[in-house]
Amino acid sequence: MTLQEYDYARESPSKLAASCLLLALTMKNLGGWTPTLEYYSGYRSQDLHSLVKRLNFLLTYQPRDKLKAVRTKYSHRVFFEVAKIPPMDMLKLEEKLKSC
């Protein structure tokens with residue numbers, strides 16, 4: 001979804017990927033940012049917090065008429081219906097990120 005948003009073009013691809021992973025882990029309650037993830041990504045959890053919040057905001061307030069093909073594709077069970085997962089409440093996300 002970030003490919004068509006100019007605001008994310010200035011972010012490094014590795015930081016964007018790491019932030020997406022942290023958001024996914026948080027949304028699915030699969031734990032936080034581990035020392036192994038920190039070592040291999042090169043990012044501390046705190047380095048990713050602001051971008052994670054922006055990504056969740058993008059999921060929350062994205063106009064539904066844009067990117068219909070992306071949403072349709074990732075709503076299929078082949079892709080585990082990830083487009084149907086509701087975004088996190090911003091306050092809950094903030095809370096969880098503080099505990100990472």
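Rings of Phe, Tyr and Trp (its six-membered ring) pair if their centres lie within 6.5 Å; planes under 30 degrees apart count as stacked, over 60 as edge-to-face and the rest as tilted. By this rule, the count comes to 3 aromatic pairs. The model is predicted: local features need pLDDT of at least 70 and side-chain atom pairs pLDDT 80 or more, while totals for chains, interfaces and linings use all residues. Residues are numbered from 1 along each chain as its sequence is written, and side-chain values use heavy atoms, without hydrogens and water.

Select Tyr 39 and Tyr 40. Their ring centres lie 4.9 Å apart with planes at 85 degrees, so the pair is edge-to-face. Tyr 39 is exposed at 64% relative accessibility, and Tyr 40 is exposed at 67% (buried is under 20% relative accessible area, exposed over 50%, partly exposed in between; 1.4 Å probe, protein chains only).

Next, select Phe 57 and Tyr 61. Here the centres are 4.7 Å apart and the planes at 45 degrees, so the pair is tilted. Phe 57 is partly exposed at 46%, whereas Tyr 61 is exposed at 55%.

Finally, select helices H3 (residues 45-61) and H5 (residues 90-99), which pack at about 155 degrees with axes 11 Å apart. Helices are DSSP runs (H or I, at least four residues), numbered from the N terminus; axes are lines fitted to C-alpha atoms over the stretch in contact, with angles from 0 to 180 degrees between N-to-C directions. The contact (heavy atoms within 4.5 Å) includes His 49 and Phe 57 of H3, and Met 90 and Leu 97 of H5.

Terms used:
Helix = DSSP H or I, 4+ residues; strand = E, 2+ residues; numbered from the N terminus.
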